[in-house]
Amino acid sequence: MSVRVEQFVLRTLRIFPRRTNATPDDELAIVNRMPELWNEADTVQVSVTFEWDKPRGEALAEQWQVVAPVEVGGPAYGDPGGEFVPGQFLRHGYTITSRGCPNKCPRCKVPEREGALRLLPIRDGHDVLDNNLLACQRKHIEAVFQMLKKQKHRPKFTGGLEAARLRPWHVEWLLRLKPETLWMAYDRPGEWEPLRAAVRMLADAGIVAPHRKKRTGAYVLMGWRGDTPEAAEKRLRSVIYELQIKTQAMWLDNGAESRPEDAQAWRDLRKRYTDAASVGAMIAEAWQQCPPFRSVPRTEPSAAAKARAPVRISGGRKQSANVGTPTLEEWVRQNAR
Ligand code: SF4
């Protein structure tokens with residue numbers, strides 16, 4: 001990224017210790033390598049996202065000092081983040097429209113690092129990485145949705161939407177936006193019921209489907225002190241088989257709190273529940289075992305009403321409203337493991 005200072009343009013190289021889907025790919029972005037003879041710059045910025053990459057980031061900083069003065073920073077160093085510049089530290093397509101979070105979930109570093117929720121100018125992008133977009137004021141959220149509507153790509157909510165804050169007006173917008181991916185989280189037991197209610201709302205709107213390009217999912221945090229691979233797998237499976245949405249295992253701090261003797265089991269679990277093919281196969285199985293869940297009727301419909309019940313859409317699939325489709329509660333009861 002070049003920075004213009006009066007008449008001069010500063011050439012800044014950005015160095016990343018590892019490549020991820022979000023790493024920029026322009027010519028001034030360099031991933032995990034030493035300087036080469038022809039590398040020239042006025043400044044070098046080493047950006048480290050993950051705590052466990054700090055040693056590598058610091059080694060890179062030392063190596064690149066021969067080229068230009070180096071700054072090391074990024075989320076791993078508690079950088080609260082300023083205004084979002086598309087393409088600078090995240091590949092074009094990603095956007096961040098707010099930083100911070102009003103919640104204080106245990107083990108989450110966001111409130112400590114970024115502080116209270118603050119709104120940023122809305123920059124173009126289709127993959128929203130805000131920590132908690134739904135905690136923002138309605139005017140801001142609607143402006144973000146308007147921006148998403150104008151993008152060439154279907155939106156993704158990779159940063160996650162807080163299930164407990166999902167309201168019908170968000171769902172109405174989501175119906176219009178047709179997101180390609182929408183993530184929520186099931187990190188703590190208290191999040192199960194809000195997640196279930198949110199999935200129900202989305203399923204009723206047809207936003208939950210088994211297809212790869214139309215999948216709602218929930219990240220599942222695992223590996224805190226006292227957690228076991230068996231307990232974590234149960235949580236992961238409950239997301240897939242009870243809610244019929246995809247999941248992704250998030251191993252807390254890359255195993256910093258896990259017992260060393262369990263390390264391999266945790267790695268295997270992470271592999272199984274981050275691999276798109278393996279998670280996709282489980283979702284297909286879950287949808288085969290049970291039709292998508294529908295809202296529990298408030299009252300039992302009359303026989304006449306049952307007889308004329310129209311075909312309704314639930315969870316993106318056509319089904320009869322009254323013949324044999326179990327509710328989520330019924331299905332879970334029948335399939336209690
Ligand atoms: S809602 Fe998400 S970002 Fe906010 S504190 Fe909880 S885990 Fe962290």
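Colleague: Where is Met282 placed?
Modeller: Met282 is in helix H8. Helices here are DSSP runs of H or I with at least four residues, strands are runs of E with at least two, and both are numbered from the N terminus. This is a predicted model, in which local features need pLDDT of at least 70 and side-chain atom pairs count only at pLDDT 80 or more, while totals for chains, interfaces and linings use all residues. Residues are numbered from 1 along each chain as its sequence is written.

Colleague: Does Met282 count as buried or exposed?
Modeller: Met282 counts as buried because it has 20 C-beta neighbours inside 10 Å. The rule is that 20 or more other C-beta atoms within 10 Å of a residue's own make it buried, 12 or fewer make it exposed, and anything in between is partly exposed, with C-beta atoms placed from the backbone.

Colleague: How far are the C-alpha atoms of Met282 and Gln244 from each other?
Modeller: They are separated by 9.1 Å, with the two residues 38 apart along the chain. Gln244 itself is in the loop between H6 and E13, and it counts as buried because it has 25 C-beta neighbours inside 10 Å.

Colleague: What is the phi of Gln244?
Modeller: Gln244 has a positive phi of about 60 degrees, although it is not a glycine. Most residues other than glycine have a negative phi. Arg107 also has a positive phi, of about 70 degrees, and is not a glycine either.

Colleague: And where is Arg107?
Modeller: Arg107 is in the loop between strand E7 (98-99) and helix H2 (110-114). It counts as exposed, because it has 12 C-beta neighbours inside 10 Å.

Colleague: Switching to the inside: which residues have the most contacts in the largest nonpolar core?
Modeller: Those are Met184, Val199, Ala218, Val220 and Val239, in a core of 45 residues. Such a core is a set of buried Ala, Val, Leu, Ile, Met, Phe, Trp, Tyr and Cys residues joined through C-beta atoms within 7 Å. Among the elements giving two or more residues to this core are strand E11 (181-185), strand E12 (215-222), helix H6 (229-243) and helix H8 (276-289).

Colleague: What is Val220 in contact with?
Modeller: Leaving aside neighbours within four places in sequence, its contacts include Tyr186, Asp187, Leu236, Val239 and Ala249. Contact here means C-beta atoms, placed from the backbone, within 7 Å.

Colleague: How many residues of E12 are buried?
Modeller: Seven of its eight, which leaves E12 mostly covered. E12 runs parallel to E11, joined by five bridges, and Leu182 stands opposite Thr216 in E12. E12 also pairs with E13 in the parallel sense over six bridges, and there Ala218 stands opposite Thr247. Strands count as paired if DSSP finds at least two bridges between them.

Colleague: What do E12, H6 and E13 make?
Modeller: They make a right-handed β-α-β unit. Right-handed says that, with the strands pointing away from the viewer, the path from the first strand over the helix to the second runs clockwise.

Colleague: What about E4, is it buried or exposed?
Modeller: Four of the five residues of strand E4 (residues 43-47) are buried, so the strand is largely enclosed by the rest of the structure. E4 pairs with strand E5 (residues 70-73) in the parallel sense over four bridges, and Val44 has Val70 as its bridge partner in E5. The chain goes from E4 through helix H1 (residues 54-64) to E5 in a right-handed β-α-β crossover.

Colleague: Last topic, the ligand. Which residues are around it?
Modeller: They are Cys101, Asn103, Lys104, Cys105, Cys108, Val110, Pro111, Asn131, Asn132 and Glu162.

Conventions
A residue is near a molecule or strand if its C-beta atom, placed from the backbone, lies within 6 Å of it. Two residues are in contact if their C-beta atoms, placed from the backbone, lie within 7 Å.
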